[in-house]
Every structure is written in C-alpha cells, then in structure tokens.
Amino acid sequence: MTQANHPAFVRLSSLGVTTVTGKDALAFLHGQFTNRLQPLGQRAPLAGYCSPKGRLLATMRVWGEGDAISLLLPKSAEPAFLKRIRMYVLRSDVHFAEDAERTLLAGFGEEAEALLKDRLAAAGAELPAVNEAAVAPEITVVRVPDTPALPGVADAGVRYLALVKDAEAFAPAEDDAYWWATEAAAGIGSVFAETADRFVPQSINYELTDGVVFNKGCYPGQEVVSRIQHLGTPSRRMALGLAQTPVLPEAGAGLYALKGGARTPSGDVVFAVRGENAAAVLVSLPTGDFGHELSLDAEGGIPVKLVPLPYEIRNVLDS
C-alpha cells in the first residue's frame with residue numbers, strides 16, 4: 001500500500017480564526033449556528049451558518065478560550081460570513097475580531113502528538129479528547145477526528161489543531177494541502193466563497209459529522225434543515241471519490257453522470273486535493289446518481305471512482 005508522505009505540522013494558511021467576545025457572545029452564536037453551543041465547556045464542535053433557505057453560508061469549528069470564543073473557517077468564506085452575521089448583532093454585546101497574534105497549525109501522527117503533549121504538560125494541561133480543546137497560556141490545542149487511511153492520499157492517524165505564538169519551533173510545512181487531504185479522507189465537508197449558499201447541511205453530510213443537531217432552539221434556516229431530515233431521505237448526499245487529473249477542480253466545479261448513453265450535469269465538487277497517487281474529491285450529488293459512471297468533465301475523460309466514506313449514510317434521527 002502506498003503511503004502519503006506528510007510533515008508532522010503544516011501552517012494552515014487557507015483557514016482563519018475569528019475571536020468572538022462580549023457577554024452575549026455565546027448565546028448569540030448558539031442562536032445562529034446549526035449546532036448546540038450552550039454549554040460549550042471544553043467541546044470543539046463543527047457548526048454551520050445557514051441562510052433562511054437552509055443553505056450553508058459558512059462551515060466552521062467552534063471552541064472556547066476563557067471569555068472568548070474561537071471560530072475556525074476557510075478564509076475565502078470569512079469576509080461574507082462576518083459581514084452578514086454582524087448585521088444581526090443589533091444591541092447584543094458581541095464583538096468579532098481576527099486572531100492575528102497566533103499562528104494556526106495542524107499536526108498529524110505520533111510525532112506531532114508527542115510534541116503537543118509536552119507543550120501542554122509544561123503548562124499544566126493535558127491533551128484533549130476528540131472534538132475538544134485544551135487551552136493553556138501559550139498554546140491552544142484542539143483534537144479533531146482521526147484520519148482514516150486513504151491509500152496514496154492520507155495516512156491513518158491522529159490529528160490536531162494548534163494555535164501558537166512560536167510557530168517556527170514546530171517547523172511547519174507551508175503547504176496545507178495535507179490538511180485538506182485528511183479532511184477529505186474523514187469525509188468532512190467545508191463551504192468556501194465559491195460554494196456559499198449552494199448546499200443544505202445534509203447535502204455535504206454535515207449532520208453525519210456532528211455539525212448539526214435537531215433538538216436545539218431555532219437558527220436561520222432551521223425549519224428547512226429540520227424538514228429535510230424528517231422527510232427521511234435527502235435528495236443529495238456527499239461522496240468521496242478518487243480521480244486522475246492534471247488540473248484540480250475548484251470548489252463548486254461541475255460533476256457529470258453517464259445516463260442513457262449521455263453525460264449530463266449531476267452535482268458539484270465540494271473540494272478537491274491532490275494526493276501522492278490520485279486526487280481526492282468530495283462531491284455532492286443526487287442520491288440517484290451514485291450508481292452511475294461519474295466524471296469531472298462532460299466528455300468522460302476524467303472519471304471519478306467513488307470509495308467508501310468512514311461513516312454510514314443514515315438518518316441520525318433513527319439512531
């Protein structure tokens with residue numbers, strides 16, 4: 001089996017951290033996002049921000065740091081997200097600011113885990129559990145779901161996020177493609193500027209990666225998202241595919257399905273990343289097209305072979 005060569009740490013240049021402060025910050029965000037944030041405690045869940053039509057405008061990971069809340073999301077989606085959500089603050093005591101003092105890193109495997117463990121121990125803290133955060137004076141560490149093995153793209157192993165002031169001490173690689181390779185292998189979708197307002201949460205399996213709960217109060221688009229879930233079978237789902245392509249498709253690029261002897265538009269690329277042997281492509285497409293031959297081009301010259309996701313496609317309300 002071919003293994004992907006990857007560094008212990010990478011600098012996450014395509015992601016940004018927004019800090020939210022103010023006495024009303026947690027309650028305000030709880031009422032805006034698809035996940036339950038109250039109480040937040042040590043949790044570091046995924047969450048989505050939807051339009052009134054239930055389509056995702058942003059996807060993020062959320063955790064608390066003392067009196068502040070940190071939001072991690074793709075930089076390309078950040079400006080429009082902040083412009084929109086600030087419109088609804090009104091008289092609440094809520095303030096958004098870029099975290100410009102620290103560097104965001106991702107760490108992979110045992111070597112990274114050992115170094116982060118030592119750094120936290122020196123500050124009297126311990127490594128966090130999955131989807132939780134450990135906050136210390138000089139470092140914040142978030143453990144995210146482990147990477148499943150995707151041969152030629154990503155190695156199985158632990159994954160962490162770290163916010164640090166002394167990034168060079170971790171000798172990070174500058175290219176953060178391996179982070180996105182591990183996100184693809186884990187089947188975790190993201191929304192970028194190019195795909196904002198295109199997907200409902202279920203069409204990128206967001207509730208299957210614990211980014212949506214259905215037993216909290218209202219949020220923008222909640223009625224639409226809930227109705228889709230209670231109908232039992234979303235019309236679109238996300239799949240993981242492998243492709244041999246010289247040019248990576250952009251987020252939002254088209255997908256084609258061979259039906260009745262013709263290739264017709266089918267779905268959308270959520271994002272794609274190049275691995276050692278193939279490109280990993282997360283695609284959102286109609287569930288009826290899963291059994292058809294898929295390609296990234298209308299001529300069929302760049303086929304996409306679907307491979308199993310690390311989780312079952314199911315209705316979480318039946319669990």
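Which residues lie nearest the centre of the second largest pocket? In this predicted model, they are Leu15, Gly16, Lys75, Asp99 and Arg102, out of 15 residues that line that pocket. Two elements, strand E2 (15-21) and strand E7 (103-108), each give two or more residues to this lining. The most comes from E2, with 3 residues. Sorted by class, the lining of the second largest pocket holds 6 nonpolar, 3 polar and 6 charged residues. The volume of the second largest pocket is about 220 Å³.

The chain as a whole gives the setting. It is built with 5 helices and 16 strands. For 319 residues, a compact globule would have a radius of gyration near 20 Å, and the value of 19 Å for the chain agrees with this. Along the principal axes, the C-alpha atoms fill a box of roughly 60 × 45 × 35 Å. Of the 319 residues, 54% count as buried. Sequence separation in the contacts can also be stated: among contacts between residues at least 6 apart in sequence, 70% join residues at least 24 apart.

The largest pocket comes next. Its volume is about 350 Å³. There are 17 residues in its lining, and Trp180, Phe192, Glu250, Phe271 and Ala272 are the closest to the centre. Helix H4 and strand E13 each supply at least two residues of this lining, and E13 gives the most, with 4 residues. By class, the lining of the largest pocket consists of 10 nonpolar, 2 polar and 5 charged residues.

The aromatic rings are the next topic. With ring centres within 6.5 Å taken as the limit for a pair, the model has 8 aromatic pairs. One of them joins phenylalanine 9 and phenylalanine 170, with 5.1 Å centre to centre and 70° between the planes, an edge-to-face arrangement. This pair links distant parts of the chain, since phenylalanine 9 sits in strand E1 (residues 9-11) and phenylalanine 170 in the loop between strand E10 (157-164) and helix H4 (177-186), 161 residues apart. Both phenylalanine 9 and phenylalanine 170 are buried.

Elsewhere, ring pairs link Phe33, Tyr49 and Phe81 into a cluster.

Strand E13 also holds aspartate 268. Is aspartate 268 buried or exposed? Its relative accessible area is 14%, so aspartate 268 is buried, the limit for that class being under 20%. When neighbours within four places in sequence are left aside, the contacts of aspartate 268 are Arg198, Phe199, Arg236, Gly252, Ala253, Leu255, Leu282, Val283 and Ser284.

Conventions: Residues are numbered from 1 along each chain as its sequence is written. This is a predicted model: local features need pLDDT of at least 70, side-chain atom pairs count only at pLDDT 80 or more; totals for chains, interfaces and linings use all residues. Side-chain values use heavy atoms; hydrogens and water are left out. Rings of Phe, Tyr and Trp (its six-membered ring) pair if their centres lie within 6.5 Å; planes under 30 degrees apart count as stacked, over 60 as edge-to-face and the rest as tilted. Buried means under 20% relative accessible area, exposed over 50%, partly exposed in between (1.4 Å probe, protein chains only). On a 1 Å grid over the protein atoms alone, a cavity is a set of points where a 1.4 Å probe fits but cannot get out, and a pocket is an open set with protein on both sides within 12 Å along at least five of seven lines; lining residues have an atom within 4 Å of a point. Grid points are joined across faces, edges and corners, and a volume is the space filled by probe spheres set on the points. Ala, Val, Leu, Ile, Met, Phe, Trp, Tyr, Cys and Pro count as nonpolar, Asp, Glu, Lys and Arg as charged, and the others, Gly among them, as polar. The radius of gyration is taken over C-alpha atoms; the globule rule is 2.2 Å times the number of residues to the power 0.38. Contact means heavy atoms within 4.5 Å.
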